[in-house]
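Hi everyone, thanks for coming.

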Amino acid sequence: MAFARQAAPGINTTLADRGDLRSTTAAIVELVMRTEASQERRIIFVTGIPGAGKTRCGLGVAFESALQDRAVFLTGNPSLVHVFREALVRDAVAQGTQRKAAEQAMEQRIQALPLFRDTYAATAHAPAEHVIIVDEAQRSWSAAHAIRKTKDRPVPLWDSEAGHILDAMARVPGWSVIVCLVGGGQEIHDGEGGLAEWSTALIQRPQWQVAASPAALAAPDTRQCLAQNLSHLADERLHLAASIRSLRSIILPEWVNAVLRSDAVQASTLALQHTIPVFITRDLAALRQALRQRPRGLRRAGLLVSSGAARMRAEGLGVELPHMDKSAVGRWFLDHWPEDVRASNALEVAANEFSSQGLELDYAGLAWGGDLVREGTSWRVRRFRGTDWGDRHQDEAISNQINTYRVLLTRARYETLIWVPRGDPADRTRNPAEFDAIAEYLTACGARPLPEFTPPLQTQPALLL
């Protein structure tokens, strides 16, 4: 099955073609062919803003006919594996392929990175593929985290994920290529080592040739920069600078960045200069009503919530999509309501950052939780433990929680509708003043108000006399 033919509605819009995507894909294929001709080892770092199409680009390389089935797409995101495999299998079946054969083909072409890593950490075997594409490579585990995390597992690691992946691909006979897809501001787990960890691993393995986007050496966070002394070939074509996810406003990622760095002036300026497709409501019923009214045809709406928003149950939103349940994730993203109440359009189950990262909705309804609140002119990051909120103090934990909202705010292709609860003065864990401050800040940044929900009139039954 050709990847370009796939027409699964949940992915088709996301993978819309664009000139710089073609240019970046062509640059990667060109470097792969050069590596094969010279029988070398090469690693390629592709950067891009959220929603720029890095995953689309990586999948395009994995399914590139010129590579003759020698490439595999790897991701540590189980939701991405489940949804992409299922969408492509459904498309193949619609084209006449037997489902079992389609499932086997997709299992070979789209794989879970942890399984790939453990398979070759546990043995001295060489991978069958000459080319691997590593999605969100900046999220690979640091050496310290990998060792600590796996010490009691069947396959204990002794190096960073980057080191294990480089060593595995170095065993491939003749030549091999690793394509690292790098997205800034997407780190949501502890122990993610960033490009600094890849630099350390590469300096220890000088046989690898490096090609990189210039942006890979210029990130403001040193954790997300390649080392300046790392010899590399710079190629501008390896950076994707424009969003294809937000189809109504390519400036949305910049607006989200301004909101999350507490720059209301910049955010409001962008909102005045552009049409920012972000709305705000204090009413969950209004949010659901608006989300039901928006989708047409096969477009998809859904609810999103931070995994740290622990008090949403008290606000009437208490069921989260289990991101490790592949059938549940597949149904939520690919099936349709009212035929299936488990679909996202039913607006009953909310996906969190883990089940939605790397995937999109046409219309997203984001429930803002008490884990990220305003304190003066800045954000206050908290987590719920026991019976109350407590502040987070570690820089990495604070950064990851802010990134959680960056992920959630950039899931929509058309519009993001934010619901900020009103809270309850009788409940110290849902302080109305804190939610009011969030709503006021988002409004000052340019989020537009949704009309309040008006319930339909109830017709009184006639009295029988």
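Let's start with glutamate 136, which you'll find in the loop between β4 (131–134) and α7. Those labels come from DSSP runs, numbered from the N terminus: a helix is a run of H or I with at least four residues, and a strand is a run of E with at least two. Phi of glutamate 136 is near 50°, a positive value in a residue other than glycine. Is this glutamate buried or exposed? Glutamate 136 counts as buried, because its relative accessibility is 14%. Buried means under 20% relative accessible area, exposed means over 50%, and partly exposed is in between, with a 1.4 Å probe and protein chains only.

A quick word on where this comes from. This is a predicted model, so local features need pLDDT of at least 70 and side-chain atom pairs count only at pLDDT 80 or more, while totals for chains, interfaces and linings use all residues. Residues are numbered from 1 along each chain as its sequence is written, and side-chain values use heavy atoms, with hydrogens and water left out.

Now zoom out for a second. The chain has 16 helices and 17 strands. It has 465 residues, and 56% of them count as buried. Take the contacts with a separation of 6 or more: residues 24 or more positions apart account for 78% of them. Contact here means heavy atoms within 4.5 Å.

Back to α7, which covers residues 143–150. Which of its residues are buried? They are His145, Ala146 and Thr150. These three sit on the same side of α7, because they cover an arc of only 105° around the axis. That arc is taken from the directions from the helix axis to the C-beta atoms. The face turned away from the buried side carries the exposed residues Ala144 and Arg148. Here's the handy rule: an α-helix has 3.6 residues a turn, so residues three or four places apart point the same way.

Next, some helix pairs. Helix α6 (residues 113–121) and α8 pack at an angle of about 65°, with their axes 9 Å apart. The axes are lines fitted to C-alpha atoms, for helices over the stretch in contact, and the angles run from 0 to 180 degrees between N-to-C directions. On the α6 side, the contact is made by Leu113, Phe116, Arg117, Tyr120 and Ala121, and on the α8 side by Glu161, His164, Ile165, Ala168 and Met169. Also in α8 (residues 161–170) is aspartate 167, which counts as partly exposed because its relative accessibility is 30%. The C-alpha atoms of aspartate 167 and alanine 121 are separated by 8.7 Å, although the two are 46 residues apart along the chain.

Now look at α10, residues 252–260, and α11, residues 264–273. They pack at an angle of about 155°, with their axes 8 Å apart. That makes α10 roughly antiparallel to α11. For those words, angles under 35 degrees count as roughly parallel, over 145 as roughly antiparallel, 65 to 115 as roughly perpendicular, and the rest as oblique. Glu254, Trp255, Ala258 and Val259 in α10 meet Gln266, Ala267, Leu270 and Ala271 in α11.

Helix α10 has another partner: α10 and helix α16 (residues 432–445) pack at an angle of about 140°, with their axes 11 Å apart. These two are therefore oblique to each other. Trp255, Ala258 and Val259 of α10 make this contact with Tyr441, Leu442 and Cys445 of α16.

Last stop, the loops. Leucine 317 is in the loop between β10 (301–305) and α13, and it is buried, with a relative accessible area of 6%. What does leucine 317 touch, leaving aside its neighbours within four places in sequence? Its contacts are Arg288, Leu303, Met312, Ala350, Ala367 and Trp419.

The loop between α13 and β11 holds leucine 347. Phi of leucine 347 is near 60°, again a positive value in a residue other than glycine. Leucine 347 counts as buried, because its relative accessibility is 2%. Proline 338 is found in the loop between α13 (326–334) and β11 (350–351), and the peptide bond from tryptophan 337 to proline 338 is cis, with omega near 15°.

That's my tour, so over to you for questions.
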